[in-house]
Amino acid sequence: MCRAGLWLRGMLPSGVRTRVVLFAGVLASRAAHADDNPRDLFGLGKKPTAEAPVSCDVPHTFGCATITDPLDDASPYGLATWLPASYLRRLPTANATHDSVAHYAAGASRDETGPSFGGATGLENRWTIDGAPSDDIRTGGSDTQIPLTFLDGITVMAGGFTARDRASTGGRIDAQLIRGGTKHVLATEVWGGIAGESRRRPVASGSYSVRRLASDAGPDLGVSIVGSGPLGAVLRGRAWYAAGIAPVLSSTEATWTASRLIDGNGDGSPDGLPGPAAIERISIRTKNTLDYFVPVMLRTGWDRGAHHVELTLIGHGSRVTRFLQNSTLQAAGVDRSELVADGIATWRGRWAATRALVQLAWHRSDRHESPHDDAAGGPQLLSAYVPMDLPEDSYLAMRCHDGTYPNIAQCAVPFGYFASAGAGGLVDSVGDRPTATAEIAHRRGAHVVRTGATLEDSRLIVSSQLSGGEQYRSLFPGHLDRLRYYSGDCEEIAGAPCDYVTESQLRYRTRYAAAYVEETFTPGDRIRVDGGLRWELMWVGTRLHFSNQLAPRLGAAWDILGDGRSRVWTSMGRSFPMLPAGLGPTVIRRDATVHDASNPVGESRTTDAGAAFRVAQGIEPMAQDEVTAGVELGLAKTFRVIEWVQGRWLRRGLETTPDGFDNPGRTTELLPARRASEQLALEIATAPTAKLTLRAGYLAGRTVGNFPGPYDPRQGVILYNGADFNGPTVSANELGKLPTDVGHRVFVEADRRGTVFGISFDVATRLTLASGRPRNAVADTELGVLHLIPRGSAGRGPMIAQANLRLAAHWRGFDLILDVFNAFDRGGPTVVDEVYGELLLRPIEGGSYQDLVFLKDTNGAPAERRTAYGLPVVFQGPISASVGVRREF
């Protein structure tokens, strides 16, 4: 020790020498209390002994790359991640629901609609609860939101599907609920949270709005009570229960700032133009809303020998309020209440050589909209000006028309409309989806044969109404256009009879059926070869029928270490999309509307019978082919390493075209709708039961094509009715990087548990860093929306970084927790305005972003760039914090 001290003294400065000595002292102190186990210094726990080998015959055992039981449901070559609820609740997740953490899985990213896998959008996943479908009937996104306290865990599959897997063109997320054990357990939580001020969208030069809206999240309060346990002996079997409720109250503060234009020099042009308009504030108005979200779960089960029965009722009720920006406060708000529920009955049979399942489920969603303000029940007025008579906001009307600047319209409405009086359009929807599934698997020697079938019958009833039974539109004083729904006959002659109705009700129906046969062959203890064929039927209404979709899927896996501790695999397969009922307005029917217009010149009437797009003769189903390969190693219950590559190629995309709903490019000059994606994923994790838990992952991906799918950040939720293929021809510039091109994505999760002064503590974090989205430059022309340069070639958005932190202490049976989200308050934009220009612009074939400065319109004049181009539209959420208390009895 003396020689070491002399060496330190001679080689290191005094300050560094002090730190090294202190660190050595800490290590020595830890070593003295580490039971002679140096692994404990780093929180890794004791090394498993030879007497305690890893057992991989049950699912979700850490350190097991594959399950040794060939009858298990898990795919031997699936790109699967098991996220235990016990682990997720140790991370900074507060009172999160499963849909908000599903993208924590390996190989996942996220867009505004949900987790994204393999170049697909968040609306292309299949969501299930214990195997029963729970997707949103209208959009296909997540519908039933389940608190983590209700869960045993989440299985997330990014690909590598077998014939028995219910899959679409994205991933699959299966929420597995808690079961009752041999003891009664009551777990309680209370959470309170606050959030920082949200980012404000910048105002483009030359732009103006009478009112601007800023919305900030206020305090929230959540409670969770979950109980489970045995019910005793019933019919010579063991019965159990699990029940929970987790209500959350949240508040939102909406602030409207009204202003008017200024013409200080009296030249008849608003001051400041063409730059930022000079404005004069009129008023600031605020409104606070209280929203609620109440998830509930009731479960019971019965186990006797090989028979296992589970009955589940789970769902949530909620209410949220949305506001318009450019309107009076009375007309701005619409309340939306919803009730979402799933009833699931499952029987499983487990014998030595046979597995069987029968499952009946019903998913229901009931959504209702109503005016937020009781006085907003009359007709809504949408005007291209601020009316002089505004009973609900007379001060605004007075300031807009007081003649201070007589040479200009002081409260101009340069685009869109100003809303007043009523709440406007209100939509109620009721969706039902009964599901029946039956499966059986039997092992004979080295072979396991499986077969099964499923049926989903979805029905969506959409009831649309206008507050007061009609909606008024006015382009100038003296002009009035009355919008109403009608049923039956309505002649396009002003004043002719018309069967007006106050509500338009439409019914949409989809049917999905599938059957499969699959065999798993095990020629040795370490090799499995699996292959199967899945037949699917997908109908939307009576006109869009895909009846013979055949999806072959096969792969092989080799356990090179043995005993389920490793796997090297490769697979290939095909999948078809699950088309949601929200496609109905495109291919079945829309609301029938009539416009009765009057102005000083006369009266007129125009009708829209609500006809949908024609479904093209010979349309073919959209198909996606996938190839995967990877390796996974589990090392002595301590480490797990997984690396895989994935390629996906989607062809025959479905979209609206000038010839109807079709596969673009099938019979016309349009480019075929396609998407191709290559992904590389790597993950390293330590055992979640150790004092120090680490999990880190890296994802690199490339997604190119001209088919974004059912969601596009620029267009929103389009459900295969976007604008990309509506023009007569499509430029080669349409091909390029799609919004789901992930670039690079890194995450690190860490959790360290220990004791200080006799108090147990827990420090956890989740750090993420991801490439920004590819950016575009498009023009909204008379021919449609055109990409001026190759798609995605206008650079990328800034890197998106976020740090979530947790500090927790365990004292006298209570867990005291502080979670901080976006701790460094990073505010990068996630969506920007991509419309570069309008009207008479044409693409620069094969051009670059630098070439846009030379762009000219069809008349040879320099192109005029929109001042809003490139400005942020959506930002990262602001810093927020939640404080929680847990207690388990």
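**View 1. Q876 and the residues it touches.** Leaving aside residues up to four places away in sequence, Q876 is in contact (heavy atoms within 4.5 Å) with R199, I800, A801, Q802, N822, R826, G827, G828 and T830. This is a predicted model, so local features need pLDDT of at least 70 and side-chain atom pairs count only at pLDDT 80 or more, while totals for chains, interfaces and linings use all residues. Residue numbers start from 1 along each chain as its sequence is written, and side-chain values use heavy atoms, with hydrogens and water left out. Q876 sits in the loop between β46 (872–875) and β47 (880–888); strands here are DSSP runs of E, at least two residues, numbered from the N terminus. Is Q876 buried or exposed? Its relative accessibility is 8%, so Q876 counts as buried (buried is under 20% relative accessible area, exposed over 50%, partly exposed in between, with a 1.4 Å probe and protein chains only). The side chains of Q876 and Q802 make a polar contact of 3.4 Å (a pair of N or O atoms within 3.5 Å; within protein, one must be able to donate a hydrogen and the other to accept it, and residues adjacent in sequence count only if both atoms are side-chain atoms).

**View 2. R528 in strand β24.** R528 belongs to β24, residues 527–540, and is buried at a relative accessible area of 13%. Its side chain reaches the backbone oxygen of I67 at 2.4 Å. I67 is also among the residues that R528 touches, and so are T66, T68, D69, P70 and P76, along with T520, F521, T522, G555, A556 and A557, again not counting residues up to four places away in sequence.

**View 3. L506 in strand β23.** Here the strand is β23, residues 503–521, and L506 is part of it. L506 is buried too, with a relative accessible area of 11%. Beyond residues up to four places away in sequence, L506 touches L460, I461 and V462, plus R589, R590 and D591. L506 and D591 are 85 residues apart in sequence, and their C-alpha atoms are 7.4 Å apart in space.

**View 4. A five-strand open sheet.** The strand order is β1-β6-β7-β4-β5, and the pairing is mixed. Why is one side of β1 and of β5 left without a neighbour in the sheet? β1 (80–84) and β5 (132–133) stand at the edges and each has a single partner strand, so one side of each has no neighbour in the sheet. β1 runs antiparallel to β6 (residues 151–157), joined by five bridges (strands pair if DSSP finds at least two bridges between them). L83 faces I154 of β6 across this pairing.

**View 5. β40 and its two partners.** β40 (residues 778–781) pairs with β41 (residues 784–787) in the antiparallel sense, over four bridges. Together β40 and β41 make a hairpin with two residues between them, and T781 stands opposite G784 in β41. β40 also runs parallel to β45 (residues 835–838), with three bridges joining them. In that pairing, V778 has V835 of β45 as its bridge partner.
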